[in-house]
Amino acid sequence: MVVIGIDAHKRTRTAVIVDVNGRQPARRTCGSTSKDHLAPWRYIGGGSTTVN
């Protein structure tokens with residue numbers, strides 16, 4: 001199991017995946033413009049923008 005956390009700020013968004021042991025196997029920071037807002041989901045989902 002993993003948990004995905006989003007840290008949203010005025011100019012950036014950071015998505016972090018944390019596993020059951022507290023490790024962060026993935027982290028991605030992107031901008032906050034409308035063209036950037038799907039970047040973390042594409043990164044985490046391998047290209048998919050569907051979040052279940």
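Predicted model: local features only at pLDDT ≥ 70, side-chain atom pairs only at ≥ 80, totals over all residues.
Residues are numbered from 1 along each chain as its sequence is written, and side-chain values use heavy atoms, with hydrogens and water left out.

Me: Which pattern does the protein chain follow along the sequence?
Reply: Helices (H or I, at least four residues) and strands (E, at least two) are DSSP runs numbered from the N terminus. The protein chain has 1 helix and 3 strands. Read along the sequence, the pattern is β-β-β-α.

Me: Which strands stand at the edges of the sheet?
Reply: The 3 strands form an open antiparallel sheet in the order S1-S2-S3, where two strands pair if DSSP finds at least two bridges between them. One side of each edge strand is left without a neighbour in the sheet because each has a single partner strand; these are S1 (2-8) and S3 (26-31).

Me: How many bridges join strand S2 to S3?
Reply: Strand S2 covers residues 12-19 and runs antiparallel to S3. Thr12 stands opposite Gly31 in S3, and Ile17 has Ala26 as its bridge partner there. The number of bridges that join S2 to S3 is 6.

Me: Which residue takes a positive phi in the hairpin of S2 and S3?
Reply: This hairpin has 6 residues between the strands. A positive phi near 85 degrees occurs there at Gly22.

Me: Is Thr14 buried or exposed?
Reply: Thr14 lies in strand S2. Buried means under 20% relative accessible area, exposed over 50%, and partly exposed in between (1.4 Å probe, protein chains only). With a relative accessible area of 13%, Thr14 is therefore buried.

Me: With which side chain does the side chain of Thr14 make a polar contact?
Reply: Leaving aside neighbours within four places in sequence, Thr14 is in contact (heavy atoms within 4.5 Å) with residues including Gly5, Ile6 and Arg28. A polar contact is a pair of N or O atoms within 3.5 Å; within protein, one must be able to donate a hydrogen and the other to accept it, and residues adjacent in sequence count only if both atoms are side-chain atoms. At 2.9 Å, the side-chain partner of Thr14 is Thr29.

Me: What percentage of the residues in the protein chain is buried?
Reply: The protein chain has 52 residues. Buried residues make up 21%.
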